[in-house]
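Colleague: I am new to this structure and would like to know what stands behind the words used for it. Could we go through them one at a time?

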Amino acid sequence: MAKDEEIVVAIDIGTSKICTMVGKVTSGQLEILGMGFTPSKGMRKGIVVNTQEIAGFIIDSVEKAEKESGFEIESTVIGITGGHIRSFNNKGETIITGPKLEITALDKKRALKTALKVEIPPQYKPIHSLIRYYIVDGQKGINNPIGMFGTKLEAEVHIVLGALTSIRNLIKALNLASIEVEDIVLESVASSLSVLSEEEKNEGVALIDIGAGTTDVAVFVDGSILYSFIVPVGGETITNDIRIGLKTSYKNAERIKCSYAIAMEKLTDPGAYFFLEKGSEKIVTATKLCYIVEPRLLEIFEIIYDRFEKENLLNLIPRGLVLSGGSSHIYGIDEIAKSYFLAPVRIGIPKNFVSNIDNLENPIYSTCIGLLLYSMSYKPKVEGFKKERKNLIKGLINKVRKWFSEMLK
């Protein structure tokens with residue numbers, strides 16, 4: 001490998017799927033070399049509920065990515081979501097005391113240090129401390145204050161916390177698969193790197209990433225993240241509604257959602273229909289399916305709208321919404337979001353990479369590609385994620401492999 005080349009690995013462990021990607025970075029350009037995509041079991045709404053079960057699916061995904069890329073995977077950056085995530089903004093300040101009142105790197109460090117002085121409950125662990133901007137004598141939006149003149153320097157940061165037990169269970173599942181965790185990234189932060197433009201983030205935009213178990217939301221203003229939260233409802237809930245409403249299996253309901261779901265009744269053809277199951281004579285009209293899907297999508301958008309309204313965010317996002325994640329495939333989802341928020345809406349397609357692998361420009365890969373882009377630009381910042389598989393017994397890994405193989409028989 002050339003000196004200017006680097007291998008990066010990302011694993012997106014979702015409620016319904018696991019995606020592993022191997023990328024090569026050459027002169028700042030990401031090339032995706034291999035991918036392993038498998039269904040997922042052992043997760044519920046972004047949280048591990050069975051470490052052995054999810055470890056088996058991780059192994060399957062990793063081995064597929066290794067085979068396609070030709071690289072052995074030992075460590076990775078992973079995404080995290082779930083109702084346990086907490087986030088907030090915090091400010092810190094320092095007084096400039098130099099003889100010329102010129103801000104130095106030490107002043108910048110002191111302001112940032114005070115901004116990070118927050119009391120964290122023992123059951124939580126920091127995931128991110130993202131610098132929003134600096135403020136010099138009341139002037140906001142400064143990216144780098146070094147060399148400026150002022151009497152007071154403030155720093156504002158966006159802090160993200162996760163429940164310690166949820167983080168440990170996620171790491172344990174990867175350790176059981178013989179994978180070391182280099183860093184953990186909030187999924188909406190990762191997805192933003194692959195689907196949002198710098199112009200959108202500067203002018204004000206909201207990213208809504210609708211996964212299977214959760215919907216991850218992040219608002220960007222003045223080029224940095226302002227607000228983030230997780231809605232514990234996603235595409236899996238829509239599938240379950242279809243299962244109950246049409247009295248069919250979950251697997252068939254998922255097929256119906258992916259093939260026939262339409263977000264708004266006005267977009268359906270009144271005469272359109274499909275067969276409930278392959279080989280069945282029972283038909284379902286497109287309108288009936290829409291009666292199931294539309295209310296659930298409206299519920300998700302209502303929750304998000306109410307949060308935006310409560311936090312006075314609606315006027316801060318003139319670029320509107322960018323929808324991503326697997327459920328953004330539902331036909332007309334951009335139209336229903338546009339009518340509800342009365343704002344511009346587009347579907348976020350991952351970019352900023354090259355690859356010979358087909359069909360990667362798909363919203364379902366937004367988080368995983370974003371994780372690769374994150375690992376290109378950032379080194380692990382939070383202690384305690386690495387080396388946690390140090391004392392792992394090799395026999396335990398083989399046990400998981402055997403258990404997983406027997407489960408799939």
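Modeller: A pocket here is an open set of grid points with protein on both sides within 12 Å along at least five of seven lines. The model is a predicted one. Its largest pocket has a volume of about 890 Å³.

Colleague: Which residues line the largest pocket, and which lie nearest its centre?

Modeller: The lining counts 41 residues, and Thr15, Ser16, Lys17, Ala212 and Glu254 are those nearest the centre. Two or more lining residues come from each of β3 (29-39), α6 and α7. The largest share is that of α7, with seven residues.

Colleague: How do the lining residues of the largest pocket divide by class?

Modeller: There are 13 nonpolar, 18 polar and 10 charged residues in that lining.

Colleague: Why are α6 and α7 called roughly perpendicular?

Modeller: The axes of α6 (residues 235-246) and α7 (residues 250-260) cross at roughly 110° and come within 8 Å. Angles of 65 to 115 degrees count as roughly perpendicular. The two helices are therefore roughly perpendicular to each other. As for handedness, α6 passes α7 in a right-handed crossing.

Colleague: Which residues make the contact of α6 with α7?

Modeller: On α6 they are Gly235, Glu236, Ile238, Thr239, Asn240, Ile242, Arg243 and Leu246, and on α7 they are Tyr250, Ala253, Glu254, Ile256 and Lys257. By class, this contact has six nonpolar, three polar and four charged residues.

Colleague: What is the volume of the second largest pocket, and which residues lie nearest its centre?

Modeller: The second largest pocket holds about 500 Å³ of space. It is lined by 21 residues, with Leu130, Ile131, Gly223, Ser224 and Tyr378 nearest the centre. At least two lining residues come from each of β8 (124-136), α4 (187-195), α5 (198-203) and β14 (224-231), and the largest share, six residues, belongs to β8. The classes here are 10 nonpolar, six polar and five charged.

Colleague: What makes a space a cavity, and how many cavities of 30 Å³ or more are there?

Modeller: In a cavity a 1.4 Å probe fits but cannot get out. The count comes to one cavity of 30 Å³ or more. The largest cavity has a volume of about 40 Å³. Its lining consists of Met43, Gly46, Ile47, Val48, Ile80, Thr81, His84, Ser166 and Leu170.

Colleague: How many of the residues lining the largest cavity are charged?

Modeller: The lining of the largest cavity has no charged residues, with five nonpolar and four polar. Both β5 (47-48) and α3 (164-176) supply at least two residues of that lining.

Technical notes:
Residues are numbered from 1 along each chain as its sequence is written. This is a predicted model: local features need pLDDT of at least 70, side-chain atom pairs count only at pLDDT 80 or more; totals for chains, interfaces and linings use all residues. Side-chain values use heavy atoms; hydrogens and water are left out. Axes are lines fitted to C-alpha atoms, for helices over the stretch in contact, and angles run from 0 to 180 degrees between N-to-C directions. Helices (H or I, at least four residues) and strands (E, at least two) are DSSP runs, numbered from the N terminus. Angles under 35 degrees count as roughly parallel, over 145 as roughly antiparallel, 65 to 115 as roughly perpendicular and the rest as oblique. A crossing is left-handed if the near helix is turned anticlockwise from the far one by less than a right angle, and right-handed if clockwise. Contact means heavy atoms within 4.5 Å. Ala, Val, Leu, Ile, Met, Phe, Trp, Tyr, Cys and Pro count as nonpolar, Asp, Glu, Lys and Arg as charged, and the others, Gly among them, as polar. On a 1 Å grid over the protein atoms alone, a cavity is a set of points where a 1.4 Å probe fits but cannot get out, and a pocket is an open set with protein on both sides within 12 Å along at least five of seven lines; lining residues have an atom within 4 Å of a point. Grid points are joined across faces, edges and corners, and a volume is the space filled by probe spheres set on the points.
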